[in-house]
Amino acid sequence: MRLLLLMSALTLLFATPATAHDITKGTIQIIHPTISLSPKGAKTAAGYMAVSNDGNASDRLIGVETPIAKAAKIHTSEMKDGVVRMTHVLSLEVPADDTVVLEPGGLHLMFMGLTTVLADDQMYPATLIFEKAGPITIEFMIDDTRDDHGNHSVNE
């Protein structure tokens, strides 16, 4: 299972051309945080990354703060009866010596009530708050995954 998560993290890492912007604090590493470029005028955006814990104890992501949105929350997506449903998750456990991948169609961050227009290839700050590691300030890169018709090329 760990190999599958690591492969997913590596796929996410190399899915878009970008300069490296991984952050490590203590045993927690944030790998390639990106936000999918939303259509013009959108009030929400989704954020993705991999979170690796090289420690011998689990940690928990308990909050997200950012100046780009009125609220930022952890969500999960689930397909049921042909309908995608997003559910707010209060916290996200990152087991010891493991990697959790936030990706389209699964766990992700939702930025709601955007306070700025997000521009392709730009970086935007956020602070991830962990139960043990404390606050970790990162920058999300905007990633335009849309095709020539404005449709997203990945399922969100």
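The model is predicted.

**Overall layout**

The element order from the N terminus is α-β-β-β-β-β-β-β-β-β-β-β. The protein has 156 residues, and 42% of them count as buried. Its accessible surface is about 8,500 Å², with 54% belonging to carbon and sulfur atoms. Among contacts with a separation of 6 or more, 66% join residues 24 or more positions apart.

**Core**

The largest nonpolar core holds 31 residues. Those touching the most other members are I30, M49, L109, F111, L118, L128 and F130. What does L128 touch, leaving aside residues up to four places away in sequence? The list is I30, M49, L61, G63, V64, L109, G134, P135, I136 and I138.

**Aromatic pair**

A search of the whole structure finds 1 aromatic pair. The ring centres of F111 and F140 lie 5.4 Å apart and the planes meet at 80°, so the pair is edge-to-face. The cut-off for that class is over 60 degrees. F111 sits in strand 9 (residues 107-114) and F140 in strand 11 (residues 134-143).

**Hairpin and positive phi**

Strand 5 (residues 69-80) pairs with strand 6 (residues 83-89) in the antiparallel sense, over 7 bridges. K80 has V83 of strand 6 as its bridge partner. The two strands form a hairpin with 2 residues between them. D81 lies in that turn and has a positive phi of about 55°.

Most residues other than glycine have a negative phi. D81 is not a glycine, yet its phi is positive. D97 is also a residue other than glycine with a positive phi, near 50°. D97 is found in the loop between strand 7 (92-94) and strand 8 (98-102).

Are these two residues buried or exposed? D81 is exposed, while D97 counts as partly exposed.

| Residue | Relative accessibility | Class |
|---|---|---|
| D97 | 47% | partly exposed |
| D81 | 73% | exposed |

Key:
Residues are numbered from 1 along each chain as its sequence is written. This is a predicted model: local features need pLDDT of at least 70, side-chain atom pairs count only at pLDDT 80 or more; totals for chains, interfaces and linings use all residues. Side-chain values use heavy atoms; hydrogens and water are left out. Two strands pair if DSSP finds at least two bridges between them. Helices (H or I, at least four residues) and strands (E, at least two) are DSSP runs, numbered from the N terminus. A nonpolar core is a set of buried Ala, Val, Leu, Ile, Met, Phe, Trp, Tyr and Cys residues joined through side-chain atoms within 4.5 Å. Buried means under 20% relative accessible area, exposed over 50%, partly exposed in between (1.4 Å probe, protein chains only). Contact means heavy atoms within 4.5 Å. Accessible areas come from the Shrake-Rupley method with a 1.4 Å probe; for residues, only the protein chains shown count as cover. Rings of Phe, Tyr and Trp (its six-membered ring) pair if their centres lie within 6.5 Å; planes under 30 degrees apart count as stacked, over 60 as edge-to-face and the rest as tilted.
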